[in-house]
Amino acid sequence: MAEQTSSPFATLADQAARPEPQIDSQGRSYATGKRKNAIARVWVKRGNGQFVVNTKDSGKYFARPVLRMILNQPLVVANRLGQFDVWCTVTGGGLSGQAGAIRHGLSKALSLFEPELRSKLKANGFLTRDPRVVERKKYGKAKARRSYQFSKR
């Protein structure tokens with residue numbers, strides 16, 4: 001049997017294919033997530049599953065179960081629920097936009113902490129920023145597209 005010879009180019013290609021984890025001196029990865037008008041700054045580090053949003057527990061900040069489910073989606077898909085502590089600050093928008101921004105930032109931070117999770121998170125669409133925003137109001141209209149009521153009287 002012929003053995004494969006390893007060339008120096010193969011090792012360079014392997015190193016380029018495997019990005020290094022981006023972890024700071026405190027063992028955290030940081031990413032920014034956005035959705036509608038909300039901006040979330042998210043820090044992730046190994047821990048026991050503590051989730052803090054604006055110095056409050058995520059269960060208190062997001063009372064609706066649907067919003068809490070949105071927050072946990074990246075951790076569930078990556079099979080890392082309860083293995084990371086998440087600390088984030090979020091500003092702007094409403095609760096739904098803020099939950100989407102945290103999900104986006106958490107996904108990016110997880111992919112920086114463990115680069116091998118990137119393919120799973122990308123396949124589920126968590127790394128893509130949702131570009132939909134509210135359409136601006138136009139002059140002569142009641143809202144963005146709604147006209148005033150017309151009567152021929």
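Q: What makes two strands of this sheet a pair?
A: Two strands pair if DSSP finds at least two bridges between them. Strands themselves are DSSP runs of E with at least two residues, helices are runs of H or I with at least four, and both are numbered from the N terminus. On that basis there is an open sheet of five strands here, in the order 1-2-5-3-4, with mixed pairing. Strand 1 and strand 4 (56-57) are its edge strands, since each pairs on one side only.

Q: What kind of model is this, and how are its residues numbered?
A: The model is predicted, so local features need pLDDT of at least 70 and side-chain atom pairs count only at pLDDT 80 or more, while totals for chains, interfaces and linings use all residues. Residues are numbered from 1 along each chain as its sequence is written, and side-chain values use heavy atoms, with hydrogens and water left out.

Q: How do you know that strand 1 and strand 2 pair?
A: Count the bridges: eight of them join strand 1 (residues 28-35) to strand 2 (residues 38-46), and the two run antiparallel. The cut-off is at least two bridges, so this counts as a pair. Ser29, for instance, stands opposite Val44 in strand 2. The hairpin has two residues between the strands, and Lys36 takes a positive phi near 50° there.

Q: What about strand 2 and strand 5, and strand 3 and strand 4?
A: Strand 2 also pairs with strand 5 (residues 84-91), antiparallel, over eight bridges; Val42 has Cys88 as its bridge partner in strand 5. Strand 3 (residues 51-53) and strand 4 are joined by two bridges and run antiparallel. At least two are needed, so strand 3 and strand 4 do pair. Val52 has Asp57 as its partner in strand 4.

Q: Which strands does helix 4 touch?
A: Helix 4 packs on the sheet, touching strand 1, strand 2, strand 3 and strand 5. Contact means heavy atoms within 4.5 Å. The direction of helix 4 makes about 145° with that of strand 1, where axes are lines fitted to C-alpha atoms (for helices, over the stretch in contact) and angles run from 0 to 180 degrees between N-to-C directions.

Q: Why is Ser58 called buried?
A: Its relative accessible area is 12%, and buried means under 20%, with exposed over 50% and partly exposed in between (1.4 Å probe, protein chains only). So Ser58 is buried. Ser58 lies in helix 2 (residues 58-61) and touches Phe51, Val53, Arg68 and Leu71, not counting residues up to four places away in sequence.

Q: What makes Asp24 and Arg28 a salt bridge?
A: The test is a side-chain nitrogen of Lys or Arg within 4 Å of a carboxyl oxygen of Asp or Glu. For Asp24 and Arg28 the closest N and O atoms are 3.2 Å apart, so the pair qualifies. Asp24, at 33% relative accessibility, counts as partly exposed. A search of the whole structure finds seven salt bridges.

Q: How do you know that Glu135 has salt bridges with Lys138 and Arg145?
A: The closest N and O atoms of Glu135 and Lys138 are 2.5 Å apart, and Arg145 meets Glu135 at 3.1 Å, N to O. The Arg145 and Glu135 pair ties together parts that are 10 residues apart in sequence, because both residues lie in the segment after helix 5 (118-123).

Q: Why is Arg145 called exposed?
A: Arg145 has 66% relative accessibility, so it counts as exposed.
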